[in-house]
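Biologist: I am new to this structure and would like to learn how to read its features. Could we take them one at a time?

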Amino acid sequence: MRQVDQVLAVVAERRAEFEEKRHVPPDVVAEFKRAGIYRAGVPRRFGGDALPPAEFLRLIERMSAVDASAGWVASFGSSAVYLAALPLETQALLYADGPDVVFAGGLFPVRPAERVDGGYRVSGRWRFASGCTGADVLGVGIRAGANEAGRPLTAVLRPEHVEIDENWDAIGLRGTGSHDLVVHGVVVPEEWTFVRGGRPTVDEPLYRYPTVPYAGQVLAVVGLGVARAALDHVMDQGARSTYTGAPKPADRATYRIAVGQAEAQLRSARAFFYESTEDAWSTVEAGDPTTPEQASLLRLASAHLAKTSLDVVRAAYHLGGIAAIAGGSPLERHLRDASVVPQHAFLQEGMYDGAGAVLLGVQPFPGYL
């Protein structure tokens, strides 16, 4: 992927600005585009890169180690895998000016929509549209007609048809711009709607990879990057003198043990995460469908990574001592950001329940697979 180091330098220089403004500014999103981040999930037939998931995940991991909010916003470069369920003619229009298209969505709560001639009349308010201020197209979740009893649709709109209520205010990931979307009676043509995670119209390996588990992966890996940064910070601080003149942290057995345990935890969760990713990718590359067991392991590895990453950041925060409590300190910021990741619906503790059900050969809760 092009210009990644340059983008990471921009993120490092401007991360305080993201937090202050509560979004990643459009000119930085433009840098993401130039680096190819938003073509990562776009089909090759439309000029995209359709990157293997592990390659994209490692990129988001690197960016998140620099700034979690930037990593979270960049992670939606994967969202074009959803758009691959649009009709081919619609995708051709979407990418007519090139593959670097930013898609953001506030899909919940799903709102009823009126069926009209040729489409749906859409109205309502949707939450948590991360990255919406820099998006080229926006998605909202609707239910209408025959779809009322089935899986919800996503309606795709241009920004001029959507009001962004800039109300994002959270303890962490403050720069993600996860505001509400408001739509007032806009008619969306049927060909600009799709079932989230529905059957793609593009036949390329990336679009045979499990879509909803991938959506959880790109978020979980943000926590991994944050945990890596936090752990690196305390290892760097270990050789420095303390305020009180006590032995340096690295000279204390308790500090060394805690660092070793945290390193083992993080590397183990990371290995499980990428092992599951590569296993599923090998299957789809060979032209075969992934099994329910493979999709479940992707979900399990993501939830476990998010939880473990937060555990590691907490351990790093405690090791940071009094310096960690200062507002704006690296560990204070890492703790806030890492605490948000496992709160996402795709990464909460219930995923262990779903995975346990699959492992035991019983039916998981609805929507898990």
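Predicted model: local features only at pLDDT ≥ 70, side-chain atom pairs only at ≥ 80, totals over all residues.

Biologist: Which residue does the side chain of D136 meet in a salt bridge?

Modeller: The general idea is that side chains of opposite charge can pair when their charged atoms come close. In this case the partner is K33, with 3.0 Å from N to O. The two ends come from distant parts of the chain: K33 belongs to helix α2 (residues 26-34), while D136 sits in the loop between β3 (119-129) and β4 (137-143). They are 103 residues apart.

Biologist: How many salt bridges does a search of the whole structure find?

Modeller: The search finds 24. One of them joins E17 to K21, with the closest N and O atoms 2.8 Å apart.

Biologist: Why are E17 and K21 separated by about one helical turn?

Modeller: Both are in helix α1 (residues 4-21), and they are four residues apart, which means about one turn of the helix between them. K21 has a relative accessible area of 40%, so K21 is partly exposed.

Biologist: Where do D311 and K307 lie?

Modeller: They lie in helix α9 (residues 292-319), four residues apart, which is about one turn. A salt bridge links D311 and K307, with 3.2 Å between the closest N and O atoms. Both residues are partly exposed: D311 at 25% relative accessibility, and K307 at 35%.

Biologist: With which residues is F56 in contact, leaving aside its neighbours within four places in sequence?

Modeller: F56 contacts I37, A40, L51, A74, S75, G77, S78, Y214 and V218.

Biologist: How many cavities of 30 Å³ or more does the count give?

Modeller: A cavity is a space where the probe fits but cannot get out. The count comes to two.

Biologist: What lines the largest cavity?

Modeller: Its lining consists of L107, F108, V110, G141, P152, L153, T154 and R196. By class, five of these lining residues are nonpolar, two are polar and one is charged. Strands β1 (103-112) and β5 (153-157) each supply at least two residues of the lining. Of the elements, β1 gives the most, with three residues.

Biologist: Which residues line the second largest cavity?

Modeller: They are Y38, V42, F76, G77, A80, L83, Y95, V101 and F103. The class count for this lining is eight nonpolar, one polar and no charged residues.

Biologist: Is G139 buried or exposed?

Modeller: G139 is buried, because its relative accessible area is 0%. G139 is found in strand β4. Leaving aside neighbours within four places in sequence, G139 is in contact with F103, A104, G105, G106, L107, T154, A155 and L181. From C-alpha to C-alpha, G139 and H334 are 30 Å apart in space, and they are 195 residues apart in sequence.

Biologist: And E31, is that residue buried or exposed?

Modeller: E31 is buried, since its relative accessible area is 16% and buried means under 20%. E31 is found in helix α2. Beyond its neighbours within four places in sequence, E31 is in contact with Q6 and V7.

How values were computed. Residues numbered from 1 in each chain as written. Heavy atoms only, no water. 1 Å grid on protein atoms, 1.4 Å probe; cavity = no way out; pocket = protein on both sides within 12 Å on 5 of 7 lines; lining within 4 Å. Points joined across faces, edges and corners; volume = space filled by probe spheres on them. Nonpolar A, V, L, I, M, F, W, Y, C, P; charged D, E, K, R; others polar. Contact = heavy atoms within 4.5 Å. Salt bridge = Lys/Arg side-chain N within 4 Å of Asp/Glu carboxyl O. Buried < 20%, exposed > 50% of the residue type's maximum accessible area, 1.4 Å probe, protein only.
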